Amino acid sequence: MSRDPVAFLSKEYAQLVQANLDWRIHTLNGPSEPWCHVDGKKVLMFCSNNYLGLSTHPRLRAAAVEAVQRYGAGSGSVRPIAGTMDVHVELEKRLARFKGAEASLVYQTGFAANAGLIPQLAGEGDLIVSDELNHGSIIDGVRLSKADKAVYRHADVDDLERVLNSAEAHTPAYQKILIITDGVFSMDGDVAPLDRIAKVGKDHGAMVYVDDAHGEGVLGEAGRGIVSHFHLSRNVVQVEMGTFSKAFGVVGGHVSGSRDLVNFALNKSRTWLLSGSHPPAVAAACLAAIDVLEQEPEHVRRLWENTRRFKKAMSDAGFNIGKSTTPITPIIVGESAKAKQLSDRLFELQVFALPIVFPMVAKDQARIRTIMNAAMTEDEVGFAIDAFIRAGKDLRIL
Ligand SMILES: *Cc1c(COP(=O)(O)O)cnc(C)c1O
């Protein structure tokens, strides 16, 4: 029988295009800054995770350039063999100090941290309990584990408790229970009730793992993140995971907690053991980002000033902005087609904000997701507010 073994490639792609579910990739011609050029057009950036504008901060640029001069472009190996340079070690020490943790471990990405560590923390005979809206990299990490899995309703601590209570009746008894939650949920911008989750976890003898990718640089003292925000002890939130790819403005995942956690994680995480380490310029730029967070508090302050102004203006204008309490502000419009039209109209008006539609959110919850930036001036925020209101009126959303 002769059949084309790769016919599915074009067929499945065509199905995605037909269903309007394919990604059309936009290209930045230059740096990620408030005013940037996207596909050749000058627009105000409203969908970057570079919350504090650190990706272009002079101190990060200088640190990266200097590291290239000193160490070269690459590290030469995986971390456990010959790919650990002093700059990687220094970053982990510096991060642990910043987080107020005994130790930290840096992974290539946040995705690699979740995919590498979660399946090691819980396996056969254990249970993982996960928020229904957790990030895809958590979902993949959970899928790689042989543990039993349970999901609780989004940010619903009563439902979490119900799941934990019913787990107590399981035979044979679970050896370990791992609760995992995003810190800030990326589609809605709401903050996990981590204080209450930690309490319930403690009552049930469960380990608590928080993925704070969108909370770092945003929440807590000097942007230390959600554990600092709630003043929680590391005895109740044992694993604090995060990323350098968002507010820190660079790239790289990390976990912080006890020395025992880090020793365990680096010996067990296959993503950490089997994949090349960061170019030294990445580690050096991440070090500079932590210095900037500690020494220049104005960035986090500006982020929140811009956020409060933008949220108030959107809400006063009559947009449905959901229940976000962070610089992620969804503009919820309902139907997918409407969200796409709004995004297109905004682009014409020089604002770049992408639609988030089914299956990323429920069918009637399509939205434009906006992410505020500290580097945006008052005039720029004003420009964006005018554009949103005009586009909302043009499309009869307002
Ligand atoms: C972005 C994100 C990640 C992935 O981080 P990377 O470092 O970009 O791989 C993981 N978890 C959450 C909640 C995220 O938002």
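The model is a predicted one, in which local features need pLDDT of at least 70 and side-chain atom pairs count only at pLDDT 80 or more, whereas totals for chains, interfaces and linings use all residues. Residues are numbered from 1 along each chain as its sequence is written, and side-chain values use heavy atoms, with hydrogens and water left out.

## The sheet

Helices (H or I, at least four residues) and strands (E, at least two) are DSSP runs, numbered from the N terminus. An open sheet is formed by 7 strands in the order β3-β9-β8-β7-β6-β4-β5, with mixed pairing, where two strands pair if DSSP finds at least two bridges between them. Because β3 (103–107) and β5 each have a single partner strand, they stand at the edges, and one side of each is left without a neighbour in the sheet. On average, neighbouring strands of this sheet are turned by 20 degrees against each other, direction ignored. Strands β4 and β6 run parallel and are joined by 4 bridges, and Leu 127 stands opposite Ile 177 in β6.

Angles here run from 0 to 180 degrees between N-to-C directions, and axes are lines fitted to C-alpha atoms, for helices over the stretch in contact. Helix α5 (residues 136–143) lies across β4, β5, β6 and β7 (207–211), and runs at about 160 degrees to β6. Helix α6 also packs on the sheet, where it touches β4, β5 and β6, and its direction makes about 150 degrees with that of β5.

## Two helices

The expected span of a helix is 1.5 Å times one less than its number of residues, and for both helices below it agrees with the distance between the end C-alpha atoms.

Buried means under 20% relative accessible area, exposed over 50%, and partly exposed in between (1.4 Å probe, protein chains only). In α6, the buried residues are Val 157, Asp 159, Leu 160, Val 163, Leu 164 and Ala 167. Seen down the axis of α6, these fall within an arc of 160 degrees, so they line one face of the helix; the arc is that of the directions from the helix axis to the C-beta atoms. Asp 158 and Glu 168 are exposed on the other side of α6. The cover over the buried residues includes β4 (127–131), β5 (148–152), β6 (177–182) and α7 (194–203), contact being defined as heavy atoms within 4.5 Å.

In α2, Leu 60, Ala 63 and Ala 67 are buried, and they line one face of the helix because they fall within an arc of 65 degrees when seen down its axis. These buried residues pack against α11 (280–295), whereas Pro 58, Val 65, Glu 66 and Gln 69 are exposed on the other side of α2. Just after α2, Gly 72 takes a positive phi of about 100 degrees.

## Two serines

Ser 104 lies in strand β3 and counts as buried at 5% relative accessibility. Its side chain makes a polar contact of 2.8 Å with that of Ser 256. Such a contact is a pair of N or O atoms within 3.5 Å; within protein, one must be able to donate a hydrogen and the other to accept it, and residues adjacent in sequence count only if both atoms are side-chain atoms. The side chain of Ser 104 also reaches the backbone nitrogen of Ala 96 at 3.2 Å.

Ser 186, in the loop between β6 and α7, is buried with a relative accessible area of 10%. Leaving aside neighbours within four places in sequence, Ser 186 is in contact with His 214, Ile 328 and Arg 369.
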